[in-house]
Amino acid sequence: MSKNGIRSQAIYQITNRDLIPAKAPQRLEDMWATNVFNLTKMQASLPKTVFKSLKETITNGQPLDPSVADAVATAMKDWATSKGALYYAHVFYPMTNSTAEKHDGFISVQSDGNVISEFSGKVLVQGEPDGSSFPNGGLRDTFEARGYTAWDVTSPAYIMETDNGSTLCIPTVFVSWTGEALDKKVPLLRSIDAMDRAANRVLKLLGHQDIARVNSSCGAEQEYFLVDANFVGSRPDLLLAGRTLFGKAPAKGQEFDDHYFGAIPNRVQVFMQDVEETLYKLGIPAKTRHNEVAPGQFEIAPFFEAANVASDHQQLIMTVLRHTAKKHGFVCLLHEKPFAGINGSGKHVNWSIGNATQGNLLDPGDSPHENAQFLLFCGAVIRGVHQYGPLMRAAIATASNDHRLGANEAPPAIMSVYLGTQLEEVFEQIKTGSVSNSKAKDVMDLGVDILPKLTKDAGDRNRTSPFAFTGNRFEFRAVGSSQSVSGPLIVLNTMLADSLDWVADRLESELGKGVDQHQAILVVLKEIMNQHGAVVFGGNGYSPEWHRTAVEDRGLLNLPTTADALPHLRQAYVQELFTRTGVLSPVELESRYEVYSEQYILSVEVEAKLVVDMAKTLIYPASVEYLSKLSNTIATLSGLGIDFEKESAKKVAGLTTDLKQSTDQLCEALEKEGFASTADHMLYCAKTLLPLMNQVRTAADALEAEVGDEFWPLPKYQEMLFIK
Ligand code: ADP
Ligand code: MG
């Protein structure tokens, strides 16, 4: 079979596949949370006192009372086994953006040889996964490699149904025996605590008496690509790296905008409904679905939830998307940039903070008093982004997200805040003094006048900003599609905790002088705008002008690659931030730097090896084969006395030589060892390996435009993007 035979067979299989019929729709109420051991089910199955104690724990984030653990475990097991589960798993979230789990049977062999199913409180509360294979950045020496997992009571247990059976899953934290956080959940919980403490201080100073725990909320919009599994099977790059390392731009790309908000293709719609059914059963409030800008690209967004639960649910959404795609003959690509020249995928993290007594603290509210409080919290966010912008950049730094940031379809790698025209004006006026605490009517009187209604102007959709205020929340738009949302949420909560503490200190000092509350708020806000106003930017973030002024005039940092961004994790002010707020100890922070750097280096090197491999064993042979056919034809014709054009052969020969030479160069570059530091190694990946990989790709993509279709071994962009 010719090379192309594999491709045409794939196309044949796709176009002749049996369609998976859509399932009969079920009532939402009948599906909702049937696979979750939630409060309702706990209440129904637990003694009153046990339930009361557990509920306390869940709402106040207290540790679980050991005396109730056995009763909870038995009820949980009975519920799980009634739903067909024979196994349970402590699910945890290592530093790698993945979800990890270790399965254990409920089986317990008795002395008489009979078996019973058993699940004790001790096992529920604490597990011991063999997590030694997870990168820990030097936090655990291998001789004490074991960490333990402990149930995060604030996130409910659930049943994961797969074709291979059902498993009871228990969301857990993952810690070393010496107490260091080995995962992304522990610091997230700590960051919420820190933010709660600081917000509490501010609210008290604003005169509130009754203040419930302040939590952060998150609603994450997930973009993804679907490609038929038949194509992926013959693309080693998609299979192993999740993105195409080669591929010529198709004649038709996304320039017609005919995919965005167009009708969802039937096969995809059936897939989406299947995903949603699974999510509803898991108590995940899937809310919107639509086509995205690029062909083959889609989006799913759930309704927002408490950050901790939202983060667990986001991990589940990624898992369910991948699993369900397989069932439907697709591969779901969560990579930020699977196709060069085609829009990449992000994950917009919508983030707010609030509580049961004061509501959403990032909502302007309707009264002058609420407005003033809102401006203060909003100001705290502005200060945070200005102080810790490089940390925000580091929190979204991965090899894959680097391909997307600043690529003129995604926000730049410069962190700034977009407020919308009206709110920006208000802050500008605070700075210049035309908002005041005076009764003079030519100015807005804070605490008396009402903020102008913040209408959602067209600019609210400013897609060029990495971090935008959208009415009652901030939207961190630069987060990558394959990332865990925990990292960004940890940074947002922590920097806000720090800012709110600063605000509280300043308010205390102003109020101590006897000034009234609104005057004090004004003074603090003015100070924020004077020191940090440079981070507020409402213009076009894609423009070269912004890239220049942001850096030259405003002193903001442009950190285009992960190699530029991650070293900021080691800066003293970042270390102090995490220590002061109690979110990460210096050792824990250093371990994260090590793990993230290692992940970056590994992914670039794996891709570089793949480039060499594919160039040598697939693209070079195909080009040579075609060249040989061309030159044979020329020779034969010339033997017959016919003078045939030789330009095509010359061109293919030239490009094939380029391909070979650049591949050899890359191969050689890969040999380099003995870097002075991890940072140096990262820079080498960014500045040497990636450009060499691109050089190989340039030759290969040019060859794709020349080599006869039947010789070309790799499924082409137009096939992967348009055939469903
Ligand atoms: P967009 O206009 O960006 O498409 P949507 O209205 O679809 O926004 O919402 C995007 C996400 O923001 C959803 O997950 C939504 O639930 C979430 N969201 C809405 N309000 C808040 C809030 N106050 N805090 C956090 N997330 C929120
Ligand atoms: Mg959005």
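## Core, strands and ligand shell

User: Which residues touch the most other members of the largest nonpolar core?
Analyst: In this predicted model, the largest nonpolar core holds 204 residues, and those touching the most other members are M76, L124, V202 and L376.

User: Take M76, then; what does M76 touch?
Analyst: Leaving aside residues up to four places away in sequence, M76 touches F37, F119, L124, A157 and L168. One of these, L124, is itself among the residues that touch the most other core members. As general background, nonpolar side chains tend to be buried together in soluble globular proteins.

User: And F37, what stands opposite that one?
Analyst: F37 stands opposite A157 in β8, and both F37 and A157 are among the residues that M76 touches. The strands concerned are β1, residues 36-37, and β8, residues 157-162, which run antiparallel and are joined by two bridges.

User: How many bridges does β8 make with β9?
Analyst: Over five bridges, β8 pairs with β9, which spans residues 165-176, again in the antiparallel sense.

User: Switching to the ligand: which residues are closest to ligand 1?
Analyst: The shell around ligand 1 has 15 residues, of which the closest are G219, F304, N350, S352 and R473. The elements giving two or more residues to this shell are β10 (215-228), β12 (297-302) and β15 (347-355), and β10 gives the most, with four residues.

User: Now backbone angles: what is phi at A33 and at N97?
Analyst: A33, although not a glycine, has a positive phi of about 60 degrees, and N97, also a residue other than glycine, has a positive phi near 75 degrees. For context, most residues other than glycine have a negative phi.

User: Where do those two lie?
Analyst: A33 lies in the loop between α2 (28-31) and β1, whereas N97 is found in the loop between β2 (85-92) and β3 (100-105).

User: Is N97 buried or exposed, and why?
Analyst: N97 counts as buried because it has 21 C-beta neighbours inside 10 Å, the cut-off for buried being 20 or more.

User: Why does A33 count as partly exposed, then?
Analyst: A33 counts as partly exposed because it has 18 C-beta neighbours inside 10 Å, and that class lies between the limits of 12 or fewer for exposed and 20 or more for buried.

Technical notes
Residues numbered from 1 in each chain as written. Chains lettered and ligands numbered in written order. Predicted model: local features only at pLDDT ≥ 70, side-chain atom pairs only at ≥ 80, totals over all residues. Near = placed C-beta within 6 Å. Core = buried A, V, L, I, M, F, W, Y, C linked by C-beta atoms within 7 Å. Contact = placed C-beta atoms within 7 Å. Pairing = 2+ DSSP bridges.
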